[in-house]
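Subject: Structure for your attention, with notes

Dear colleague,

I am passing on a structure and would be glad if you could look through it alongside the notes below. Please open the model first and read the notes with it in view.

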Amino acid sequence: EEWERERDELEEEGPQPEDLSQIIERLKSGVKPSYGDDVELEQRRVIQNELDQIRVSLAQVTPAHGGIGHNRPPPDDESPQAVVIAEVRDAGETIRRDLAKQQPNALEVATAAFHLQAALGWLGKKLDAAADGFAKGFGKTLGVAAAGAVLTVGAVLMPSLLQQMHSVVHHVVHWLSYVTIGF
């Protein structure tokens with residue numbers, strides 16, 4: 001019964017979008033995107049709004065340096081997490097910058113979305129591993145409720161950021177499919 005419901009939902013959504021790597025290959029082969037109709041411009045606005053949300057979320061999950069007399073060291077800009085967060089920020093800005101142009105560079109947008117998708121996978125795995133390790137280590141002594149309270153940033157802000165990143169990638173893929181094939 002659940003399988004049938006999922007199948008019906010997929011059928012209602014229509015054809016599934018292409019893989020980003022397929023779109024990148026099509027663009028590299030010389031396909032010329034078509035821009036400027038109302039549907040395409042609305043898709044761009046949706047993506048821009050989602051990128052604004054990611055910008056806010058990144059500010060919330062990026063620790064700020066405490067200044068003189070603080071007890072927090074400056075963030076390690078070389079840590080894998082900092083590098084991935086920087087990649088997310090850079091990819092988002094690349095997409096934002098290109099979508100603001102009258103004639104965006106679809107290959108640049110696709111490549112940035114590909115980097116965003118890779119960062120999404122990496123951050124998702126790290127969040128899962130951190131939550132599991134934290135729950136195992138503290139779950140025995142503090143109890144599940146206390147462990148959950150301490151994980152507020154990881155359990156609330158990061159999943160929100162991951163969901164926003166997923167949504168941007170999803171909408172960029174739809175936009176790229178639209179401008180390179182048309183529906």
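The notes below go from the overall fold to the core, and then to a few residues.

This is a predicted model, in which local features need pLDDT of at least 70 and side-chain atom pairs count only at pLDDT 80 or more, while totals for chains, interfaces and linings use all residues. Residues are numbered from 1 along each chain as its sequence is written, and side-chain values use heavy atoms, with hydrogens and water left out.

Overall fold

The protein has 6 helices and 0 strands, and the order along the sequence is α-α-α-α-α-α; helices (H or I, at least four residues) and strands (E, at least two) are DSSP runs, numbered from the N terminus. Among the contacts with a separation of 6 or more, 79% join residues 24 or more positions apart, where contact means heavy atoms within 4.5 Å. Of the 183 residues, 31% are buried, a term that stands for under 20% relative accessible area, with exposed being over 50% and partly exposed in between (1.4 Å probe, protein chains only). The protein exposes about 11500 Å², of which carbon and sulfur atoms supply 56%; these areas come from the Shrake-Rupley method with a 1.4 Å probe, and for residues only the protein chains shown count as cover.

The nonpolar core

In soluble globular proteins, nonpolar side chains tend to be buried together. The largest nonpolar core here has 36 residues, and the members that touch the most others are V88, I95, L116, M165, V172, W175 and L176; such a core is a set of buried Ala, Val, Leu, Ile, Met, Phe, Trp, Tyr and Cys residues joined through side-chain atoms within 4.5 Å. Two or more residues each come from α2 (20-28), α3 (38-61), α4 (80-99), α5 (106-150) and α6 (152-180), and α6 gives the most, with 11 residues.

Leaving aside neighbours within four places in sequence, L116 is in contact with V88, A91, I95, M165, V168 and V169. The C-alpha atoms of V172 and A112 are separated by 9.8 Å, although the two residues are 60 apart along the chain.

W175 and its surroundings

W175 is also found in helix α6 and counts as buried, at 0% relative accessibility. Beyond neighbours within four places in sequence, W175 is in contact with Y35, E40, Q43, R44, I47, L99, P104 and V109.

The structure holds 1 aromatic pair. The rings of Y35 and W175 have their centres 6.0 Å apart and their planes at 20°, so the pair is stacked; the rule is that rings of Phe, Tyr and Trp (its six-membered ring) pair if their centres lie within 6.5 Å, with planes under 30 degrees apart counted as stacked, over 60 as edge-to-face and the rest as tilted. The pair links distant parts of the chain, with Y35 in the loop between α2 and α3 and W175 in helix α6, 140 residues apart. Y35 is itself buried, with a relative accessible area of 16%.

The side chain of W175 also makes a polar contact with the side chain of E40, at 2.8 Å, a polar contact being a pair of N or O atoms within 3.5 Å; within protein, one must be able to donate a hydrogen and the other to accept it, and residues adjacent in sequence count only if both atoms are side-chain atoms. The side chain of E40 makes a polar contact with that of R44 as well, at 2.5 Å.

Helix α3 and R44

R44 is in helix α3 and is buried, at 6% relative accessibility. A polar atom of the R44 side chain lies 2.5 Å from the backbone oxygen of K101.

Helix α3 has 24 residues and reaches 35 Å from its first C-alpha to its last, close to the 34 Å expected at 1.5 Å a residue, the expected span being 1.5 Å times one less than the number of residues. Its buried residues include E40, R44, I47, Q48 and L51. At the start of α3, a side-chain oxygen of D37 comes to within 3.0 Å of the backbone nitrogen of V39.

With best wishes
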